[in-house]
Amino acid sequence: QHPVEAMGQRTAMGGGGVPLLPLLLPLLLLLSPGGSAGGSCPPRCVCASNILSCSQAALSAVPTPLPRFAAVLDLSHNNVSRLRADWAPGRLAHLHALLLSHNGLSFVSTEAFTHVPHLRHLDLSSNRLRALEENLFSDLAELEVLLLYNNEISSVDRTAFENLGRLRKLYLGQNRIARFPLELLRDGSRLPQLALLDLSANRLHSVPVGELQALPAWLRDRLYLHANPLACSCPLFQLVDRGHRRRLSAVVDFQEELRCLPPAATVPVGILSLAGQQPLNCSEAREAVLEAHLGDTVTLGCDTRLRGVRQRHWVTPGGERVLEEGGNGSAALLANGSLQLRALRPEDAGTYACWVAGPLLNETLYVELLVHNFTLHGPHDTLNTAYTTLVGCILSVVLVLIYLYLTPCRCCCCRGAEKPPAPRDDSINSSVLSTTPNHAAGVPGEPCRSHSASATGPGQNGRFKAGGTPQPLARHGLKAQRKVSDPDSVSSVFSDTPIVV
């Protein structure tokens with residue numbers, strides 16, 4: 001027999017040949033996690049190592065005492081309607097998963113999680129919670145996953161998720177939320193590790209599109225807003241359209257459920273169907289288009305939806321790879337993966353590509369840069385188009401006024417002389433609508449002189465009566481006689497002399 005096997009037999013049999021294993025078994029059970037030294041398994045529960053399963057046990061309260069070695073506690077599908085502060089009288093330092101779904105839970109104390117500071121997974125889904133109170137989860141600094149879907153939550157306090165610096169996934173779908181404090185995501189300081197936010201099937205009528213577009217792509221990739229009664233708008237369409245072009249999961253996976261309500265309509269339509277359709281007639285979104293001017297310094301962001309990027313590089317419109325700072329003299333790759341272009345030139349315009357290598361897949365992003373062929377802050381004598389047009393209009397008006405009112409007299413020798421009434425062929429019954437008198441042409445070579453028409457005839461004050469026939473004037477040198485209308489007759493509408501009756 002082997003010496004080691006013989007020694008093992010003697011130890012198990014004892015010195016007098018008595019078996020020791022049956023005698024040591026109670027002591028081993030006492031020192032085991034399920035023994036009294038570590039706490040016993042509660043009634044109607046199943047314990048397996050550090051897992052306690054009390055699901056579907058018709059419990060109306062959390063069973064006591066709970067073994068302090070428990071790491072996973074499943075209390076789902078019971079009748080625990082209230083979670084008080086004393087549900088865990090002792091500190092459960094090893095508990096990292098607590099499951100309380102399907103309990104009709106309507107109240108959770110703000111001190112309910114004081115004794116479970118290392119909790120990483122909390123499931124409160126499918127209950128009757130109506131509000132998330134102030135600092136409700138502030139004791140769970142290590143929480144990573146929080147499930148609150150399928151409740152009756154209508155009010156969310158902005159401090160309810162305070163101190164959740166490690167939270168990665170937040171499920172709030174199928175509730176009654178009309179407004180969620182999305183400002184928690186604005187600067188990334190409140191929930192810096194959040195990578196998934198489910199707000200689907202709520203009562204959101206509008207969302208801050210500008211703030212959502214400013215979020216990093218890896219968060220927009222898991223921002224679920226489908227099945228909400230959103231109001232249709234072109235900014236909302238462009239937000240969803242950009243996500244569809246980028247193949248974001250929140251858009252591609254739930255494309256049919258992303259619907260909105262058009263103005264003055266009762267039936268929702270697909271958000272992506274708003275392109276070119278009345279009444280909004282939204283234009284398609286242009287992904288990552290940046291405009292700049294000559295001499296500017298711009299930064300092109302590599303808005304990837306991948307986290308844990310191992311490697312990235314840029315490719316310029318000319319095909320040059322920018323791998324490190326100072327690639328082509330004017331382009332520099334920054335530490336966050338962005339590309340900085342200094343002192344822009346016309347040849348810098350074009351489409352830039354950002355190649356990203358992730359742990360599971362690769363992604364390519366395209367940014368179109370438009371460089372305007374003038375500087376934004378040029379010399380002071382540079383006139384833009386609007387200013388030039390305004391000055392041209394003013395000058396045109398001034399020239400027209402000068403032409404109308406300041407044109408000199410054409411007859412230099414007759415300045416100040418009174419022109420005689422010229423003979424007309426007009427009859428006394430001529431049209432009063434005529435405003436231009438028919439002057440007779442002067443005799444060539446005759447000097448300018450003042451003429452006075454002398455006409456005597458029957459009438460008052462030596463004037464002709466209406467319907468009278470004027471006497472013909474004899475003109476020397478003329479072979480024909482012309483009829484002259486009295487400029488003061490009643491047929492003249494431009495007479496300065498009143499008619500005396």
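Hi everyone, let me start with a pair of residues: Arg246 and Glu363 are both buried, where buried means under 20% relative accessible area, exposed means over 50%, and partly exposed lies in between, with a 1.4 Å probe and protein chains only. This is a predicted model, in which local features need pLDDT of at least 70 and side-chain atom pairs count only at pLDDT 80 or more, while totals for chains, interfaces and linings use all residues. Residues are numbered from 1 along each chain as its sequence is written, and side-chain values use heavy atoms, with hydrogens and water left out.

Back to our pair. Arg246 and Glu363 form a salt bridge, with the closest N and O atoms 3.2 Å apart; that term needs a side-chain nitrogen of Lys or Arg within 4 Å of a carboxyl oxygen of Asp or Glu. This pair links distant parts of the chain, 117 residues apart: Arg246 sits in the loop between helix 5 and helix 6 (249-252), and Glu363 in strand 24 (residues 362-372). Helices (H or I, at least four residues) and strands (E, at least two) are DSSP runs, numbered from the N terminus.

Now to the neighbour, Arg245. Which residues does Arg245 pair with? One is Asp241, with the closest N and O atoms 3.5 Å apart. Both Asp241 and Arg245 lie in helix 5 (residues 234-245), 4 residues apart, about one turn of the helix. Asp241 counts as buried at 8% relative accessibility, and Arg245 as partly exposed at 43%. Another partner is Glu284, whose side chain meets Arg245 in a salt bridge at 3.0 Å, N to O. Glu284 lies in the loop between strand 16 (269-270) and strand 17 (289-293) and Arg245 in helix 5, so this pair ties together parts that are 39 residues apart in sequence. Glu284 itself is exposed, at 53% relative accessible area. A search of the whole structure finds 12 salt bridges.

Three strands form an open sheet in the order 18-22-21, with antiparallel pairing; two strands pair if DSSP finds at least two bridges between them. Strand 18 and strand 21 (331-333) stand at the edges with a single partner strand each, so one side of each has no neighbour in the sheet. Strand 18 is joined to strand 22 (residues 339-341) by 3 bridges.

Let's zoom in on Leu300, which lies in strand 18 (residues 298-300). Is Leu300 buried or exposed? Leu300 is buried, with a relative accessible area of 0%. Across in strand 22, Leu339 stands opposite Leu300. Setting aside residues up to four places away in sequence, Leu300 touches Leu290, Trp314, Ser338, Leu339, Leu341, Tyr352 and Val367, a contact being heavy atoms within 4.5 Å.

For contrast, look at Tyr405 in helix 7 (residues 385-405). Tyr405 is exposed, with a relative accessible area of 64%.

Finally, the whole chain. There are 7 helices and 24 strands, and buried residues make up 32% of the 501 residues. Among contacts between residues at least 6 apart in sequence, 59% join residues at least 24 apart. The accessible surface comes to about 30800 Å², of which 55% belongs to carbon and sulfur atoms; areas come from the Shrake-Rupley method with a 1.4 Å probe, and for residues only the protein chains shown count as cover.
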